[in-house]
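Trainee: I would like to learn how to read single features in a model like this. Where do we begin?

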Amino acid sequence: MRRKIQELQPNPVLRLIDRRRRGSDIRSWADGLTGERLTGRKLDKLRRRGWFTLHAIQWASGTDIDHLAIGPAGVFSINSKRHRGKTVWYGDTAITVNGSPTRHIAVSQSEARRISRALSRRCGVDVPVRPVISVVHAAKLTVKGANPPVLVLAVEDLGRVFSGLSPTLSPDRVARIYDVARDARTWAG
């Protein structure tokens with residue numbers, strides 16, 4: 001994200017001005033970067049509980065995976081979404097922000113399937129990946145539904161929720177998946 005911000009505005013002074021200007025692309029990218037950093041810090045604290053995290057994993061296409069968490073409870077693809085001061089509502093199939101629908105659910109599910117295919121191919125076994133959306137700085141987050149297809153959490157709740165999930169992977173399997181995920185060849189295809 002930092003690279004994209006610098007591409008949009010190479011001049012550091014103008015970049016700083018644009019970060020404060022409402023509606024600017026740089027402000028939007030900077031907000032996203034702030035959300036990703038906060039989510040990353042929360043996820044990194046899970047290390048002492050047997051979790052491994054990777055951030056900003058690059059696909060060959062140039063897109064990236066915000067965060068990947070691999071631990072006792074499985075593999076999770078986490079998208080950071082910063083909606084500062086807004087009302088976020090999540091039902092089983094949709095997220096709205098201040099009443100406007102988003103594509104967050106479909107995008108997160110698609111990304112998790114793509115990650116699962118890449119990890120499964122390289123590991124030689126099926127590696128399910130659960131999509132997660134980390135909501136950062138929302139004024140209010142409401143989650144409805146008993147068993148949503150995407151786990152939607154306030155960034156503050158990531159550690160508590162991930163730590164409370166039932167273990168499904170052995171430490172050896174966690175280590176193997178993490179090794180594969182750290183290999184850039186996994187994401188080249």
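Mentor: With a definition. Helices are DSSP runs of H or I with at least four residues, numbered from the N terminus. By that rule His104 sits in helix α4. Keep in mind that this is a predicted model.

Trainee: Is His104 buried or exposed?

Mentor: Buried means under 20% relative accessible area. His104 has 13%, so it counts as buried.

Trainee: Which residues does His104 contact, leaving aside neighbours within four places in sequence?

Mentor: Lys81, His83, Ile95 and Ile133. With His83 there is also a polar contact between the side chains, at 3.0 Å.

Trainee: Stay with helix α4. At what angle do the axes of α4 and α6 cross?

Mentor: Roughly 110°, and the axes come within 10 Å. Angles of 65 to 115 degrees count as roughly perpendicular. Therefore α4 is roughly perpendicular to α6. Helix α4 covers residues 104–123 and α6 covers residues 171–182.

Trainee: Which residues make the contact?

Mentor: From α4, Leu119, Arg122 and Cys123. From α6, Arg176, Ile177, Val180 and Ala181. By class, five are nonpolar, two are charged and none is polar.

Trainee: Now the rings. How many aromatic pairs are there?

Mentor: Rings pair if their centres lie within 6.5 Å. The count is five aromatic pairs. Take Phe52 and Tyr178: their ring centres are 4.5 Å apart and their planes are at 25°, so this pair is stacked. Phe52 belongs to strand β1 and Tyr178 to helix α6, so the pair ties together parts 126 residues apart in sequence. Phe52 and Tyr178 are both buried.

Trainee: And what is the geometry of Phe76 and Phe162?

Mentor: Tilted, because the planes stand at 50°; the centres are 4.8 Å apart. Phe76 is buried at 4% relative accessibility. Phe162 is buried at 1%. Ring pairs join Trp51, Phe76 and Phe162 into a cluster.

Trainee: Last topic, the backbone. Which value of phi does Ala56 have?

Mentor: A positive one, about 50°, although Ala56 is not a glycine. Ala56 lies in strand β1, residues 52–58. Its relative accessibility is 37%, so Ala56 counts as partly exposed.

Trainee: Where is Asn98?

Mentor: In the loop between β5 and β6. Asn98 is not a glycine either, yet has a positive phi of about 50°.

Technical notes: Residues are numbered from 1 along each chain as its sequence is written. This is a predicted model: local features need pLDDT of at least 70, side-chain atom pairs count only at pLDDT 80 or more; totals for chains, interfaces and linings use all residues. Side-chain values use heavy atoms; hydrogens and water are left out. Axes are lines fitted to C-alpha atoms, for helices over the stretch in contact, and angles run from 0 to 180 degrees between N-to-C directions. Helices (H or I, at least four residues) and strands (E, at least two) are DSSP runs, numbered from the N terminus. Angles under 35 degrees count as roughly parallel, over 145 as roughly antiparallel, 65 to 115 as roughly perpendicular and the rest as oblique. Contact means heavy atoms within 4.5 Å. Ala, Val, Leu, Ile, Met, Phe, Trp, Tyr, Cys and Pro count as nonpolar, Asp, Glu, Lys and Arg as charged, and the others, Gly among them, as polar. Buried means under 20% relative accessible area, exposed over 50%, partly exposed in between (1.4 Å probe, protein chains only). A polar contact is a pair of N or O atoms within 3.5 Å; within protein, one must be able to donate a hydrogen and the other to accept it, and residues adjacent in sequence count only if both atoms are side-chain atoms. Rings of Phe, Tyr and Trp (its six-membered ring) pair if their centres lie within 6.5 Å; planes under 30 degrees apart count as stacked, over 60 as edge-to-face and the rest as tilted.
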